[in-house]
Amino acid sequence: MTDSTFAELDALPTEELRERAFAKARERRDLRFFWTVVKHLPDADEAASLDGAPNSVGPTIEEAVALWRELAGHGYGEQEPLLRAAFIDYLQKH
């Protein structure tokens, strides 16, 4: 993967980039990369703002599920260009 050029990586679908970057990060046990990705997901702000009070358990679960779906590659929204760039950058550096 480090031999791939920017153009080759940029031609890949976002999901393929995510899979490759996540595989490399798992191999390197790079929690910092995963944390960076999570912080840029569309539902990250909403999930972080929930207080976990008993009356917010339903919304907390829903936000956690939404965040997980985004982390798994479903629905990056407006953040997709930023995340694509992060995936490509990670693959080129590692």
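Two residues are in contact when heavy atoms of each lie within 4.5 Å.

The model is predicted, so local features need pLDDT of at least 70, side-chain atom pairs count only at pLDDT 80 or more, and totals for chains, interfaces and linings use all residues. Residues are numbered from 1 along each chain as its sequence is written, and side-chain values use heavy atoms, with hydrogens and water left out.

The chain holds six helices and zero strands. Helices here are DSSP runs of H or I with at least four residues, strands are runs of E with at least two, and both are numbered from the N terminus. Along the sequence the pattern reads α-α-α-α-α-α. Confidence is given as pLDDT, the predictor's score for each residue from 0 to 100. Its mean over the chain is 76, and 62% of the residues reach 70 or more. Helix 1 (residues 6–10) has the highest confidence, at 96, and helix 4 (residues 44–49) the lowest, at a mean of 52. Where pLDDT is low, the predicted coordinates should not be read in detail.

Of the 94 residues in the chain, 32% are buried. Buried means under 20% relative accessible area, exposed means over 50%, and partly exposed lies in between (1.4 Å probe, protein chains only). The chain exposes about 6100 Å², and carbon and sulfur atoms supply 55% of that area. Accessible areas come from the Shrake-Rupley method with a 1.4 Å probe; for residues, only the protein chains shown count as cover. Among contacts between residues at least 6 apart in sequence, 71% join residues at least 24 apart.

The largest nonpolar core has 16 residues. Such a core is a set of buried Ala, Val, Leu, Ile, Met, Phe, Trp, Tyr and Cys residues joined through side-chain atoms within 4.5 Å. Leu17, Phe33 and Phe87 have the most contacts inside this core. Helix 2 (14–28), helix 3 (31–39) and helix 6 (80–93) each give two or more residues to it. Helix 6 supplies the largest share, five residues. Beyond its neighbours within four places in sequence, Phe87 is in contact with Thr14, Leu17, Arg18, Ala21, Phe22, Phe33, Val37 and Tyr76.

Six aromatic pairs are found in the whole structure. Rings of Phe, Tyr and Trp (its six-membered ring) pair if their centres lie within 6.5 Å; planes under 30 degrees apart count as stacked, over 60 as edge-to-face and the rest as tilted. Phe33 and Tyr90 form a stacked pair, 4.1 Å centre to centre with 25 degrees between the planes. Phe33 lies in helix 3 and Tyr90 in helix 6, so the pair ties together parts 57 residues apart in sequence. Phe33 is buried, at 7% relative accessible area. Tyr90 is also buried, at 6%. Phe22, Phe33, Phe34, Phe87 and Tyr90 form one aromatic cluster. The charged end of Arg18 sits over the ring of Phe22, 5.1 Å from its centre. This term requires NZ of Lys or CZ of Arg within 6 Å of the ring centre and within 35 degrees of the ring normal.

Arg29 lies in the loop between helix 2 and helix 3. Its relative accessibility is 72%, so Arg29 counts as exposed. Phi of Arg29 is near 55 degrees, a positive value in a residue other than glycine. Most residues other than glycine have a negative phi.
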